[in-house]
Structures are given as C-alpha cells and as structure tokens.
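Welcome, and please take a moment to turn the model around before reading on.

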Amino acid sequence: MPHWHPRRTQIEQRMLSNEFSINPLFVRKGEEAVPRFRMRDQSMLPETAYQIIHDEIALDGNARLNLATFVTTWMEPAAERLYAQSVDKNMIDKDEYPQTAAIEERCVRILADLWNSPDPHNTIGVSTTGSSEACMLGGLALKRRWQNERKKHGKPIDRPNIVFSSAVQVVWEKFANYWEVEPRYVNISQDHPHLDPEGVLSAVDENTIGVVPIFGETYTGIYEPVAAIAKALDEHQAKTGLDIPIHIDAASGGFIAPFLQPDLVWDFRLPRVKSINVSGHKYGLVYPGLGWIIWREVEDLPEELIFRVSYLGGNMPTFALNFSRPGAQVLLQYYNFLRLGKDGYYEVQKTSQAVAQFLSKEILDMGAFELLTDGSDIPVFAWKLKEGHTSNWNLYDLSRQLRIFGWQVPAYPLPPDMEEVTIMRIVVRNGFSMDLAQLFMLNLKQAVSYLDSLDGPIPHDTKYDNGFHH
Ligand SMILES: Cc1ncc(COP(=O)(O)O)c(C=O)c1O
C-alpha cells in the first residue's frame with residue numbers, strides 16, 4: 001500500500017492558527033478574526049463567506065491541467081446552464097420530479113442498447129453517484145445470487161470469494177472488505193500484465209460469486225480480455241457444472257469501446273456478462289458524480305434487493321446505497337446523449353485518443369522512457385523510466401517538476417508483484433486539446449532536460465514518493 005498517514009491532513013491543519021483574518025475590503029465590525037475550527041456565533045455577509053472560500057481554493061490545482069483524473073472537468077455553456085437550473089433536484093423524489101425519473105429510466109435503456117443488450121427493455125439498471133457505488137451494487141447482486149443458488153441446493157454460504165486482477169481499482173478491495181467476500185487477486189506480472197483466462201481458472205471455485213474483468217484498467221488504460229475470460233469460464237462450466245457470472249467494471253471503457261472499438265466483443269453480446277458499470281462522470285462526459293449499472297436481464301438482480309419508491313401514484317423499483325442524491329447529473333447525461341449522438345461521442349473520444357497517441361509517441365521518441373500502453377484502448381497511457389537512463393532522478397521527481405508548470409501528472413508503483421516498477425500515467429479527456437498537448441510536451445522536455453542536467457542524485461524520502469492512490 002502507498003505510504004499514507006491517516007491523520008496527516010489533520011496534523012497539518014493543526015499547524016495553522018485557530019483564527020484567521022478577513023480582507024479589509026470585506027470586513028465588518030467584529031469580524032476581524034474568524035475561528036478556523038469551530039462555527040462562529042455570528043453570521044457574515046454572503047460575499048465575505050464567498051471570498052474566504054474562493055481565496056482558499058485558489059491553492060487547489062487547476063482542474064484542466066489535472067492529467068491524473070478520469071473525471072470530467074469541462075462541459076459546454078448550454079450544459080452548465082442546464083446544470084445550474086437543475087441543481088435543486090433530488091433523484092429519489094421520483095413522484096415530485098417524474099420527468100427526471102423518466103429521463104433516468106431512458107438513459108438506462110440507451111446504455112443497455114449501447115452495450116448490445118439482446119432486449120434493452122428487459123434490462124434493469126440505475127444511476128449512482130459514481131462507479132464505486134455501481135460496483136458495490138453489482139458485487140452485492142452477485143453475492144446474493146450466489147447465496148440464493150447455494151441455499152437452493154443446501155450448500156454452505158459462509159465463504160464467498162470474488163476474482164479480479166491485482167490491478168483493480170480500490171473500490172473492489174472496499175467491496176470485499178465491506179461485504180465480507182474474500183478477494184482473490186490474480187497478480188499481474190511482466191508475462192501476464194492483466195487478468196487472463198489462465199489466472200481466472202487458477203482462482204475460481206464453487207464459492208466464487210463472480211469474476212470482474214476491468215475494461216480500461218486504472219493503472220494503464222488496458223482492456224482486460226473479456227471474451228477470452230468468458231470462453232474459459234464456458235469451458236470450465238462444461239467440465240465442472242459451475243456457472244460463474246461476470247461483472248464488467250467498465251468505469252472508463254464503457255463509454256469508449258462502443259464508439260472507438262465497436263467490433264470488440266466485451267459486453268452483453270457475451271451471455272455470461274450479467275452486469276456492467278460505467279462512470280457517467282468519466283468518458284460519459286458529465287461533471288461528477290454520476291455512475292450507472294445495468295443488469296443483463298431483470299432476473300440477474302435478485303428481487304429482494306429492490307426497494308420501491310413512490311412514483312406517480314404507483315411505485316418504481318430502485319436499488320441504491322444512498323437515498324437522496326443529486327438528479328442534475330442524470331439530466332446532463334441525457335443532454336450529452338441528445339447533443340452528441342453516436343457521431344458526437346465518436347468525435348470526442350477519437351480526438352482524445354489521437355491526443356493520447358500523439359503524446360505517447362512523442363514521449364517514446366524522447367528516448368528516456370518506455371511505454372506500457374500507448375492510448376489505443378482507452379485514451380490513457382503509461383510509461384516508465386528506461387532502465388539505465390539515470391540514477392539521479394525518478395518519476396516522482398519528474399511529477400514534482402511538472403507541477404511547477406501547473407501540470408498534475410501522477411507517478412505511482414504498479415500493484416503487488418510488480419510494485420518495484422514506478423510508472424507515470426496521463427488520462428486524456430475532452431478539453432485536453434492537441435494545442436495543450438503540444439505545450440505539455442514542451443514543458444515535459446524542459447523538465448527532463450533540467451533533471452538530466454543535475455550532476456548528482458536528488459535525495460529521496462519515501463514519505464513523499466508513492467503518494468498517489470487509485
Ligand atoms: C476501473 C475503475 N473502477 C472503478 C472506479 C471508481 O469510479 P468512481 O470514481 O466513478 O467511483 C474507477 C475510478 O477511477 C476505475 O478506474
């Protein structure tokens with residue numbers, strides 16, 4: 001695990017004074033000092049409160065220069081207008097906002113169709129706060145389905161396990177921990193850089209609730225080979241009778257493959273794929289936080305997990321961890337579906353991919369690095385320092401150097417078994433244009449040239465390296 005002290009932020013906060021002062025242009029009598037860690041007794045003017053927070057968040061990074069995040073940092077003005085008009089909608093109030101509820105339902109059908117569901121009208125799905133919530137729901141459905149099957153045959157249900165690669169996003173570690181399912185990690189290695197049929201077959205047994213391929217790995221952007229894994233599980237079933245379902249974590253790939261790799265078979269075209277999640281706020285191009293999960297057929301979501309909320313005098317099935325949550329993002333998703341259509345999504349994702357491929361090639365041509373991926377799956381690529389290039393600096397130093405120009409590019413170790421390899425990753429999103437990419441290359445070359453000019457090694461403290469979390 002990366003080095004992290006749970007109370008570090010708290011300790012750093014305590015080094016600050018208990019009170020701070022307000023800009024004299026805003027201050028009113030009695031407001032000279034504002035307590036930092038307790039609520040003040042008196043109120044203040046809206047402009048004053050605004051100014052205080054506005055000034056403090058100026059220290060945050062510039063979201064557009066954040067090449068670490070997968071999450072949307074720019075939407076066009078018409079979308080922002082719609083957002084501002086709908087921030088007051090609570091997604092759970094289906095009776096009060098029936099059209100928002102209807103639009104959510106419509107988005108589910110659109111996604112089911114995009115992911116080649118044999119019968120989009122017989123699927124069931126929900127919007128969530130992000131892929132994390134969607135993954136929790138997907139995992140829970142797998143667990144309950146497995147339990148129901150085992151009970152039917154009088155078999156024990158106390159030792160469920162779930163299989164994924166060690167390169168899964170932290171949400172799956174959380175799922176296993178919170179819902180008491182044994183995580184069976186198939187460790188990635190030089191020879192097996194992602195989950196593959198061999199690894200899956202070595203890990204599954206009668207207690208496996210499901211296998212979770214990652215469709216667009218967080219570390220490198222690679223697609224895990226879903227069709228080959230499904231085929232291996234088909235053969236395994238023919239031999240053993242075990243019917244092990246697949247949930248696809250398509251947090252990023254779910255909005256890329258339908259447009260850029262439409263012939264790649266990874267979705268509901270494979271009968272073993274029972275559910276798929278995606279982040280609306282990643283390549284769905286919506287501001288945070290929005291996710292989706294769709295089950296192949298209504299029967300794939302155990303009935304007892306469904307709650308019903310009031311809707312137009314009747315009731316509507318829901319499955320969610322939250323009760324209240326914003327509805328505006330769902331409207332923004334539908335806005336994108338209408339506004340962009342398939343052609344528009346293709347253009348946006350193709351442009352991001354072209355930028356990713358341009359950058360990965362430029363970075364390769366610099367001679368100091370080796371690529372792990374080049375952006376041809378999702379528009380994300382990763383690289384490492386070429387063996388023997390230097391012992392004076394590492395990728396954490398390069399990351400800090402780029403920060404001087406404003407760019408936020410994370411460096412981090414690969415998962416267990418490959419943790420000695422440090423990589424850097426760039427996520428190309430809509431809005432990171434070719435122009436910005438060329439300017440980034442200029443800064444990257446300047447940073448590397450500076451680091452290469454050092455005549456001795458930069459001292460390192462692991463407290464400051466390995467700081468990035470997935
Ligand atoms: C593969 C994968 N799964 C799940 C998540 C969690 O998604 P969210 O941030 O939408 O909760 C991520 C986020 O990067 C991811 O890459």
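**A walk through the predicted model**

Four bridges join strand β7 (residues 246–249) to strand β8 (residues 273–279), and the two run parallel. Strands count as a pair here if DSSP finds at least two bridges between them.

Residue numbers start from 1 along each chain as its sequence is written.

A residue is called buried if 20 or more other C-beta atoms lie within 10 Å of its own, exposed if 12 or fewer, and partly exposed in between, with C-beta atoms placed from the backbone. As background, side chains in a regular strand alternate between the two faces of the sheet.

Now zoom out to the whole chain. The protein chain is divided into domain 1 (8–60), domain 2 (80–337) and domain 3 (349–452), with bounds that come from an automatic or database domain assignment. The C-alpha centres of domain 1 and domain 3 lie 38 Å apart.

The largest nonpolar core has 110 residues, and V211 and I294 have the most contacts inside it. Such a core is a set of buried Ala, Val, Leu, Ile, Met, Phe, Trp, Tyr and Cys residues joined through C-beta atoms within 7 Å. Helix α10 (residues 328–365) gives this core its largest share, 11 residues. At least three residues of the core come from each of domain 2 (80–337) and domain 3 (349–452). Leaving out residues up to four places away in sequence, I294 touches V108, L111, A112, W115, T123, G125, S275 and I276. Contact means that the C-beta atoms of two residues, placed from the backbone, lie within 7 Å.

V355 counts as buried because 24 other C-beta atoms lie within 10 Å. By contrast, 43 Å separates the C-alpha atoms of V355 and P160, 195 residues apart along the chain.

Further along comes helix α11 (residues 395–404), which is mostly covered, with seven of its 10 residues buried. These are L395, Y396, D397, L398, S399, Q401 and L402. What covers them includes β13 (380–385), β14 (411–413), β15 (422–427) and α12 (434–452). Just after α11, G406 takes a positive phi of about 100 degrees.

Next, the ligand. There are 14 residues around the ligand, of which G130, S131, S132, Q169 and A251 come nearest; a residue is near if its C-beta atom, placed from the backbone, lies within 6 Å. Helix α5 (residues 131–152) provides the largest share of this shell, three residues. By class, the shell has five nonpolar, eight polar and one charged residues. Here Ala, Val, Leu, Ile, Met, Phe, Trp, Tyr, Cys and Pro count as nonpolar, Asp, Glu, Lys and Arg as charged, and the others, Gly among them, as polar.

Finally, some backbone details to inspect. N116, in the loop between α4 (98–114) and β3 (124–128), has a positive phi of about 60 degrees although it is not a glycine. Is N116 exposed or partly exposed? N116 is partly exposed, because 16 other C-beta atoms lie within 10 Å. E180, in the loop between α6 (170–178) and β5 (182–186), has a positive phi near 55 degrees. With 10 C-beta neighbours inside 10 Å, E180 counts as exposed. A cis peptide bond, with omega about 0 degrees, joins P288 and G289, and G289 sits in the loop between β8 and β9 (291–295).

Technical notes. Predicted model: local features only at pLDDT ≥ 70, side-chain atom pairs only at ≥ 80, totals over all residues.
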